Amino acid sequence: MTSTADRSSAAGQAPGTPPGRPAVWAALRPLVLRLHFYAGILVAPFLLVAAGTGLLYAASFQIEQVVYRHELTAPAGPATLPLSRQIEAARAAQPQGTITAVRPAAEPGHTTRVLMDRPGLPESTRLAVFVDPHTGRVRGQLESYGDVGALPVRAWISNLHRDLHLGEPGGIYSELAAGWLWVVALGGLALWVTRRRREKRRLLLPGRAVRGGRRTLSWHGSVGLWAVPGLLFLSVTGLSVTLGWTAAPSISPQGGGHAAHTGAGGHRAATADVGVDRIARAAADKGLSGPLEIVWPGDPGAPYLVREIDKTAPTRLDQVAVDAATGQVTGELRFADYPLAAKLLRWGVDGHMGLLFGPANQILLAALAIALIILIVLGYRMWWLRRPTRGFGEPYPRGGWRQVHWTVLTPLGLLTAAAGIFVPLMGVSLVLFLVIDALLGLRSRRAARRQDRALQPDAQAGRTW
């Protein structure tokens with residue numbers, strides 16, 4: 001009778017490989033499994049921190065609305081003051097600030113946000129003065145972080161997620177987490193999908209009849225299968241944010257006229273300025289609508305920049321340049337004209353930040369963070385159950401990759417090298433994993449040789465006897 005191993009070998013498969021499974025995967029599987037194991041053990045702590053802080057960030061939008069309700073909202077009134085009057089009220093409350101932009105109230109019940117530069121503020125931070133658009137009363141003043149306009153509590157949570165408030169050194173953790181997440185996710189998916197099972201249902205749902213370590217594995221694989229698309233999205237978009245892959249097309253105004261520049265007190269230093277109200281009307285005539293941001297010229301002769309800042313789908317990010325002296329639009333940039341790559345990058349980053357679909361987006365991010373936490377906890381439990389003192393399966397031997405044909409190993413090696421170049425920390429940590437695995441293999445081989453030498457005298461004595 002022909003054994004299973006003989007039949008597998010005759011079919012070009014490794015022993016124990018299910019019929020129909022390519023021999024190349026049978027050789028690659030130990031390598032993928034070891035990589036998934038090392039990445040899971042060594043990188044999982046970084047992923048756990050990213051998931052925990054990401055879960056908190058998903059709730060930061062609602063937290064911000066509750067904490068700063070007084071500043072962000074105002075009772076609706078019968079009439080709205082001209083934008084210039086609202087800005088004057090903000091300037092009176094903060095005479096030392098230099099106005100850089102204004103975000104008019106986007107809808108009834110909201111306040112107008114006047115943004116200013118002021119000495120002593122952290123980098124990428126401006127002072128936001130909140131003005132009631134109906135009465136001109138100042139509702140409050142808060143620091144506003146970045147282009148997204150995050151207020152202190154959301155900015156604190158965002159920085160916690162980005163770098164743990166450690167600056168550049170802290171950014172190492174987020175790059176490692178985002179760089180390895182796609183490797184761990186795809187490796188786990190391949191291992192789970194190619195696993196032998198009697199029922200196809202066990203591919204999608206946890207097994208109900210299994211117990212112990214196999215039950216843990218069943219939950220780990222099933223949850224991971226459903227979470228993989230979202231985890232891959234988080235990995236790619238997280239790298240985009242961490243490595244600064246967020247460049248977008250910029251407006252190219254024609255002309256520019258004789259725009260004035262802003263003086264130290266926030267007032268216009270030249271007379272050739274039609275005023276912010278006319279600038280807003282010129283943008284409205286071109287179809288721009290709220291929420292808007294009107295950016296003051298940074299240099300003499302430069303135009304105002306008026307841009308839509310609605311990042312929820314359908315995205316509204318059109319922008320126009322308006323000459324300060326004439327009120328004429330001198331340049332336009334429509335989001336519809338963005339290159340496809342720039343659109344995808346914009347949508348990806350906004351989705352990662354919970355902006356693209358509003359609360360639904362934030363709920364999805366929270367669900368993915370919880371799923372990742374569950375996967376990590378289950379992964380560590382499997383490792384604990386498989387530890388040498390407990391068993392639950394023999395470890396896969398090293399060196400299986402040597403059975404893989406060079407036509408498969410070459411592109412795999414090139415892909416690994418490319419990933420290491422674009423994500424340097426991932427490349428360094430991968431080399432570290434390989435070194436650790438090689439050292440462990442060397443130690444195992446030395447231990448095996450010592451054991452063989454110890455057994456040789458006994459074997460020779462037995463033959464003499």
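Beyond its neighbours within four places in sequence, Asn 159 is in contact with Tyr 145, Leu 164 and His 165. The model is predicted. Asn 159 belongs to helix H6, which spans residues 152-163. The relative accessible area of Asn 159 is 19%. Asn 159 therefore counts as buried, the cut-off being under 20%. The side chain of Asn 159 also makes a polar contact with the side chain of Arg 162, at 2.8 Å.

The strands form an open sheet. Eight strands take part, in the order E4-E3-E2-E1-E5-E6-E7-E8. Their pairing is antiparallel. Strand E4 (138-145) and strand E8 (329-333) are the edge strands, and each pairs on one side only. Between neighbouring strands of this sheet the average turn is 20 degrees, direction ignored. Strands of a sheet pair through backbone hydrogen bonds, either parallel or antiparallel.

Strand E2 covers residues 112-117. Five of the six residues of E2 are buried, and the strand is mostly covered. E2 pairs with strand E1 (residues 98-103) through five bridges, in the antiparallel sense. Ile 99 has Met 116 of E2 as its bridge partner. E2 is also joined to strand E3 (residues 125-131), again by five bridges and antiparallel. Here Arg 113 stands opposite Phe 130 of E3.

Gln 319 has Leu 333 in E8 as its bridge partner.

A helix also meets the sheet. Helix H5, residues 83-93, lies across E1, E2, E3, E4 and strand E5 (292-295). H5 runs at about 50 degrees to E2.

A further contact is made between two helices. Helix H7 comprises residues 168-193, and helix H9 comprises residues 212-242. Their axes come within 8 Å and cross at roughly 140 degrees. The crossing of H7 past H9 is left-handed. The residues of this contact comprise 15 nonpolar, nine polar and one charged.

Conventions. Residues are numbered from 1 along each chain as its sequence is written. This is a predicted model: local features need pLDDT of at least 70, side-chain atom pairs count only at pLDDT 80 or more; totals for chains, interfaces and linings use all residues. Side-chain values use heavy atoms; hydrogens and water are left out. Helices (H or I, at least four residues) and strands (E, at least two) are DSSP runs, numbered from the N terminus. Buried means under 20% relative accessible area, exposed over 50%, partly exposed in between (1.4 Å probe, protein chains only). A polar contact is a pair of N or O atoms within 3.5 Å; within protein, one must be able to donate a hydrogen and the other to accept it, and residues adjacent in sequence count only if both atoms are side-chain atoms. Contact means heavy atoms within 4.5 Å. Axes are lines fitted to C-alpha atoms, for helices over the stretch in contact, and angles run from 0 to 180 degrees between N-to-C directions. A crossing is left-handed if the near helix is turned anticlockwise from the far one by less than a right angle, and right-handed if clockwise. Ala, Val, Leu, Ile, Met, Phe, Trp, Tyr, Cys and Pro count as nonpolar, Asp, Glu, Lys and Arg as charged, and the others, Gly among them, as polar. Two strands pair if DSSP finds at least two bridges between them.
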